[in-house]
Amino acid sequence: MSELLVANARVFGAGKEPVNVYARDGVVVSVGGEVPSSAPVLDAWGGTLIPGLLDAHCHAYGSSMSLEELEKSPMSWIALKAAQRLSRALSRGFTTVRDVAGGDPGLAKAIACGLFPAPRYLYTGPALSQTGGHGDGRHPLYDDPPYCGCNTNVVDGVDAMRVRVRELLSKGAHAIKLLTSGGVISPTDPIEVPQYSAAEIQVAAEEAERRGTYVTAHAYSPRAITHSVKNGVRCIEHGNLLDAPTAALMAETGTYLVPTLAAYDAMDRRGDDVGLTPVGREKNTQVLVAGQEAIRLARAAGVRIGFGTDLMGDLEDEQLQGLRLQAEVEGLERTLEAATVTNAALMGLTNVGRVEPGYAADMVIFRGDLAKDPELLWNGARTVIQAGQVVVA
Ligand SMILES: [Zn+2]
């Protein structure tokens, strides 16, 4: 039996008085109740305690800004970099991540066996792209470079889509990720143009749904989002160019939005240092400012808003800045709700995202009052607890 007693912690959103939180075998047993005297004590000194954070859009295998470089790199390099990227995410307080282009059963097994510190890891495996789509990293000027397919797969046609979706699901994919519009770092596809035919999206959604899961889609423009949602997609990644009618459609169909503001802000400031191409820079400008407006429109329409970051290459260290950018639009409380309760609901996790009896003992403690000083969330020192174990003191 393992125990942990977090003493004198202000649980965010649950009253002003510090309380004791007691966890046993990785699960919260009581909040503010009686605790056994035998438990090891971690004193929070009146600091704020929140549930462990969830990032619904990360890329463990995304260690370069260049899709071509990623797909040409040896898998040993990609996997070791992934371990480092995931360990850093955990140290920032992200105790659960959803990887929406990458991951495989080997990486998941390494995490489950505790080979390195990592968040709870849900992965879609490679994101699926049409030929010439966002996940087709082949440069228009060169023929057929080697293509390992660890981040994206090019899949065309209904039958091929059905087979690939079944394969991914049988190999432990949490959900299926489709690339249904152009993107920032891909070389040949305009960002607003929809990708994949209705029939290709429908077959992926049908297979995922039958298996008890869902399809999430990378999409920016109203046209691409509408095309995705009408053909069965249940979650939209990015969504920066959203308009009011499209937001209404998302709300009506219960489709989640996962904004990824950190990526555009970071690429705007640091793109030149990390190898963003001129084409990528131009596309980034197109979606940067629109990203926060999309959240306003989604909120007004009643869309369920999660939280993601989408940081490729060295930009990974900007993960906490995503919380700052979302809080600029939504305020602290809603941003935390997005990165805990809503993301957990999106991922179908019924035991994470809250500090309550029966929930996983994943928690982050800040040295101060988060309600008075929201900046602590992205700038402050923190203690990270995962499954009742202190992983960052
Ligand atoms: Zn992404």
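I will walk through the domains, the nonpolar core, some helix packing and a few individual residues of this predicted model. Because we are looking at a predicted model, local features are taken at pLDDT of at least 70 and side-chain atom pairs at pLDDT 80 or more, while totals for chains, interfaces and linings use all residues. Residues are numbered from 1 along each chain as its sequence is written.

Let me start with the domains. The domain assignment, whose bounds come from an automatic or database source, gives domain 1 (3-51 + 353-392) and domain 2 (53-346). The C-alpha centres of domain 1 and domain 2 lie 30 Å apart. Their contact, where two residues count if their C-beta atoms, placed from the backbone, lie within 7 Å, takes 16 residues from domain 1 and 19 residues from domain 2. On the domain 1 side, two or more residues each come from strand E5 (48-51), helix H12 (376-379), strand E17 (382-386) and strand E18 (389-392), and E17 gives the most, with three residues. These element names are DSSP runs numbered from the N terminus, with helices (H or I) of at least four residues and strands (E) of at least two.

Next, the interior. A nonpolar core here is a set of buried Ala, Val, Leu, Ile, Met, Phe, Trp, Tyr and Cys residues joined through C-beta atoms within 7 Å, and a residue is buried if 20 or more other C-beta atoms lie within 10 Å of its own, exposed if 12 or fewer, and partly exposed in between. The largest such core has 120 residues, of which Val21, Leu49, Ala204, Val215 and Ala298 touch the most other members. Helix H11 (residues 321-346) supplies the largest share, seven residues, and the core draws at least three residues from each of domain 1 and domain 2.

Now two helix pairs that share H8. For these, axes are lines fitted to C-alpha atoms over the stretch in contact, and angles run from 0 to 180 degrees between N-to-C directions; angles under 35 degrees count as roughly parallel, over 145 as roughly antiparallel, 65 to 115 as roughly perpendicular and the rest as oblique. Helix H8 (residues 261-274) and helix H9 (residues 278-288) pack at about 140°, with their axes 9 Å apart, and are therefore oblique to each other. The residues in contact are Tyr264, Met267, Asp268 and Gly271 of H8 and Gly280, Arg281, Asn284, Val287 and Leu288 of H9. The axes of H8 and H11, by comparison, come within 8 Å and cross at roughly 105°, so H8 and H11 are roughly perpendicular. There, Leu261, Ala262, Asp265 and Ala266 in H8 meet Gln321, Gly322, Leu325 and Gln326 in H11.

Finally, some single residues. Most residues other than glycine have a negative phi. Asn8, in strand E1 (residues 3-11), has a positive phi near 55° and is partly exposed, with 17 other C-beta atoms within 10 Å. Tyr196 also has a positive phi, of about 75°; Tyr196 lies in the loop between strand E11 (176-179) and helix H5 (198-210) and counts as buried, with 25 C-beta neighbours inside 10 Å. Which residues does Arg304 contact, leaving aside its neighbours within four places in sequence? Arg304, in strand E15 (residues 304-305), is in contact with Tyr256 and Thr342.
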